Amino acid sequence: MPESAIADATTAAATTDLAVYDKFDGSILATLPQCTEADVRVEIIRAAASAPAAAAMPRHERGRILDTAADLLQQRTQKVAGLIVAEAGKTITQALKEVSRAVNTLKLSAAETRRNVGEVVPFDSFSGSENRQGWFTREPLGLIAAITPYNDALNLVAHKLGPAIAGGNTVILKPSQLTPLTAILLVDLLREAGLPTEFVTVVLGDRTIAQTIISSKLVRMVSFTGGFSTGRAIAANAGIKRLSMELGGNAPVIVFDDADIPAAVEASVSGSFWAAGQNCIGAQRILVQRPVFDTFLHAFVSRTAALTTGDPRREQTDVGPMISAASAAEAKRKIDEAVSAGARLLTGGTLDGALLTPAVLTAVPRSCEAWSEELFAPVVLVEPFDSPEEAIELANDSEYALQAGVFTKDLARALATAKAIDAGGVMINDSSDYRLDAMPFGGSKYGSMGREGVRFAYEEMTQPKVIAITS
């Protein structure tokens, strides 16, 4: 990416520079300016002042910009995927899929500008209002703060920018310090498509900068995807404004004894180790009914052991590096803790810098972090159960509930299990990690605030305005 594009997208002044590293070989990809607290306050004022212009932009123009940006992104798929591989450590296969999803996210956002505009209100349905007629429209909130993570450095940014732009808002975007280049590239594409520069401002900086953004009264909404501790801090300091948060999960997958075992194994391996396990809806706890437990476990371990870990640029690579050596070491610590507590490590768990070979654990005590906390690593637990009631009890044994998976050929049992699982989504005969960018997406327990998915994020980022006419 040209240095001029980086400088343009990052409109605030520099303090210390941020070095962005290739996650596999450690080389420096770019050095970017960061912001001072004073600089960010200026940017917030400027972004808020631009909100009326964003609101006044016709819907057809918002839609045209988003559609054009989607086309530009599709045309540059290989370049963008290469950047994701370098900056985030995803394999080239996974990066190409992420680009494809982001194209769809932008196109869905463009469609929302033309579809979700409001409704007629039936005033005459209430006695005494027969002489009234009117409607409500969906109007922008104003300035939205978007704080994004590293694991889907392109599509999760698109999930915030697309609906915000469709709704006529301005945005202050703070991408992950680990993957800012992909976010900046997307903003550049939106500007190339015709988005006025002041409608989206990218800022880089530490937690002090994030705190300055979220606590500002000029910010009308904070849309955050990331960790629970950061989410708690945002909720405590944001003040009176709309919050939308996706804070991770600890996804269960239930495999009943009548399931298609080869299909369940294949889907669960992918669901467990996609993006080196750095996936908030990735399968973490696979619960298998006892009559088929040994069969499933043997096939699952064999398939996992056959995965290739290494250079994400190679098409043969299944699992690339984690986002950092420190993250891989922390995952290894949790594996070792579980083994010390009595768990059995059946394959994987070998550490080499940021590379951690896919690990399968069983007999993990429920007191271990590997059971109770989100691992966000290529580590999965496989445990037996005897009854459907026990499976549901184990599946619901978590404070975090984004999605779950259920494998069975019995439709009645599938639907009953899906109803009993406390989660934002249940995938039947698929792993927990399936997501369509048009569907509502969010958790159902601790920390759940709002929903993503383009239509639903658009509605979070707009507000109804009623017009009533008395004749």
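Helix H6 (92–115), helix H7 (155–166) and helix H11 (261–273) each supply at least two residues of the lining of the second largest pocket. Helices here are DSSP runs of H or I with at least four residues, strands are runs of E with at least two, and both are numbered from the N terminus. This is a predicted model, in which local features need pLDDT of at least 70, side-chain atom pairs count only at pLDDT 80 or more, and totals for chains, interfaces and linings use all residues. Residues are numbered from 1 along each chain as its sequence is written, and side-chain values use heavy atoms, with hydrogens and water left out.

**The second largest pocket**

- A pocket is an open set of points on a 1 Å grid over the protein atoms alone, where a 1.4 Å probe fits, with protein on both sides within 12 Å along at least five of seven lines; lining residues have an atom within 4 Å of a point.
- The second largest pocket has a volume of about 440 Å³, where a volume is the space filled by probe spheres set on the points, and grid points are joined across faces, edges and corners.
- Its lining has 23 residues, and the closest to the centre of the second largest pocket are Lys 97, Arg 101, Trp 274, Asn 279 and Asp 433.
- H6 provides the largest share of this lining of the second largest pocket, with four residues.
- By type, the lining of the second largest pocket splits into eight nonpolar, seven polar and eight charged residues. Nonpolar covers Ala, Val, Leu, Ile, Met, Phe, Trp, Tyr, Cys and Pro, charged covers Asp, Glu, Lys and Arg, and the others, Gly among them, count as polar.

**The largest pocket**

- The largest pocket has a volume of about 1300 Å³.
- Among the 45 residues that line the largest pocket, Tyr 150, Gly 226, Gly 227, Ser 229 and Thr 230 are the closest to its centre.
- Two or more lining residues of the largest pocket come from each of helix H9 (207–215), strand S8 (219–225), helix H10 (228–237) and helix H13 (325–340).
- H10 gives the largest share of the lining of the largest pocket, six residues.
- The lining of the largest pocket consists of 22 nonpolar, 14 polar and nine charged residues.

**Aromatic pairs**

- The whole structure holds five aromatic pairs. Rings of Phe, Tyr and Trp (its six-membered ring) pair if their centres lie within 6.5 Å, and planes under 30 degrees apart count as stacked, over 60 as edge-to-face and the rest as tilted.
- Phe 273 and Phe 300 form a tilted pair, because their ring centres are 6.3 Å apart and their planes are at 40°.
- This pair links distant parts of the chain, with Phe 273 in helix H11 and Phe 300 in helix H12 (residues 293–305), 27 residues apart.
- Phe 296 and Phe 300 make a stacked pair, with 5.6 Å centre to centre and 15° between the planes. Both lie in helix H12, four residues apart, about one turn of the helix.
- Together, Phe 273, Phe 296 and Phe 300 form one aromatic cluster.

**A closer look at Phe 300**

- Is Phe 300 buried or exposed? Phe 300 has a relative accessible area of 0%, so it is buried; buried means under 20%, exposed over 50% and partly exposed in between (1.4 Å probe, protein chains only).
- Not counting residues up to four places away in sequence, Phe 300 touches Val 265, Ser 268, Val 269, Ser 272, Phe 273, Ile 286, Val 360, Val 380 and Val 382, where contact means heavy atoms within 4.5 Å.
- Phe 300 and Pro 262 are 38 residues apart along the chain, with 8.9 Å between their C-alpha atoms.

**Charges over rings**

- The charged end of Lys 97 sits over the ring of Trp 274, 5.1 Å from its centre. A charge sits over a ring if NZ of Lys or CZ of Arg is within 6 Å of the ring centre and within 35 degrees of the ring normal.
- Arg 285 lies over the face of Trp 371, 4.9 Å from the ring centre.

**Positive phi and loop residues**

- Most residues other than glycine have a negative phi.
- Phe 376 has a positive phi, near 50°, and is found in the loop between helix H14 (369–372) and strand S16 (379–385). At 19% relative accessibility, Phe 376 counts as buried.
- Asn 429 also has a positive phi, about 60°, and lies in the loop between strand S18 (425–428) and helix H17 (454–460). With a relative accessible area of 44%, Asn 429 is partly exposed.
- Ala 341, in the loop between H13 and strand S12 (344–347), touches Pro 365 and Cys 368, not counting residues up to four places away in sequence.
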